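User: Please take a close look at a single strand of this model. How does it sit among its neighbours, and what surrounds it?

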Amino acid sequence: MKLQPKAIFPKVILVLLFAGVANALFRDSPDWTEPFPPFQIAGNLYYVGSRDLASYLITTNQGNILINSDLEANVPMIKASVEKLGFNFGETRILLISHAHWDHDAGSAAIKKMTGAKYMVMDADVAVVESGGTSDFHYGSSPANLYPPAKVDRVLHDGDSVKLGGAELVAHLTPGHTKGCTTWTMKVTDKAGTYDVVIVGSPNVNPGYKLVDNAAYPQIAADYERTWKVLKSLPCDIFLGAHGSYFGMQEKFARLGQGPNPFLDPGGYRQFVNEKQKAFDDELTRQKAAAKSH
């Protein structure tokens, strides 16, 4: 069928708009796409993300688990990091995410195609990842925040376990940032001992989030309140998260091999949760006051 110019023109404009917004986003967040040396955190747990977008590899004798596919542009970087550590990217058997935002799951369709990994996602985020972000309560109408849809192979629920080759991760629903935001916990063992690991999904209240009278997400404030209770209940030795900036990744990496493992940071975990809860409380108070004044 011959395409008419008037049919092409809006698509061209949309592509240009997408590119412009996306480029602006990346200029604001250069650490999202900047490579970072992959490294062993402890035991069979490795960091394979960029300078700030965190991806984690859990290795087993039956294949490997990857947490967070990040941006589409980051997939080759993640693959290279896995292989630099001496592992086969094609042996990724399970793909997990922290939450259904483009900076953590846009590469999922590509990784599924490359590896055949089973994609497992918390129930309340499934519709978002399978729609490529269009059903997200906040970003669904923003072209720059959309991505290739990916079919979910297993729908997870709060408290579900993901097991492979002796490794076990537990999915904890910590909603608010997204409806299905997931904090992962696991145990790792190395020559120094066995540790409780917490990989925080995200407790952030993003700019523009409506905590009061949010028709698209009426229970958002209550969900954040649930998240603080869950996070405070989790035993934590090794503190990790969806962004390296959550847990001071770069600073801790610089101290590796210079004494005790710097990623053992239960105090830093508690401080992080308390600071994020205070930020939420302050924003909720501000929005309630603003709603009253109208």
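Analyst: Y46 stands opposite L57, a residue of strand 3. Residues are numbered from 1 along each chain as its sequence is written, and the model is predicted, with local features requiring pLDDT of at least 70 and side-chain atom pairs counted only at pLDDT 80 or more.

Strands (E, at least two residues) and helices (H or I, at least four) are DSSP runs, numbered from the N terminus. Two strands pair if DSSP finds at least two bridges between them. Strand 2 (residues 45-47) and strand 3 run antiparallel and are joined by 3 bridges. On the other pairing, strand 3 (residues 56-60) meets strand 4 (residues 63-67) in the antiparallel sense over 5 bridges. Here Y56 has I67 as its bridge partner, and T59 stands opposite N64. Strands 3 and 4 form a hairpin, with 2 residues between them.

These strands belong to an open sheet of 7 strands in the order 1-2-3-4-5-6-7, with mixed pairing. Strand 1 (39-42) and strand 7 (154-156) stand at the edges with a single partner strand each, so one side of each is left without a neighbour in the sheet. From one strand to the next, the twist averages 25°.

In a regular strand, side chains alternate between the two faces of the sheet. In strand 3, Y56, I58 and T60 lie on one side and L57 and T59 on the other, and all are buried (under 20% relative accessible area with a 1.4 Å probe and protein chains only; exposed is over 50%, partly exposed in between). Because 5 of the 5 residues of strand 3 are buried, the strand is largely enclosed by the rest of the structure.

Of its 83 residues, Y56 and L240 touch the most other members. Helix 6 (residues 220-233) supplies the largest share of this core, 6 residues. Leaving aside neighbours within four places in sequence, L240 is in contact (heavy atoms within 4.5 Å) with several residues, including Y56, I41, L45 and F263.

Conventions
Side-chain values use heavy atoms; hydrogens and water are left out. Axes are lines fitted to C-alpha atoms, for helices over the stretch in contact, and angles run from 0 to 180 degrees between N-to-C directions. A nonpolar core is a set of buried Ala, Val, Leu, Ile, Met, Phe, Trp, Tyr and Cys residues joined through side-chain atoms within 4.5 Å.
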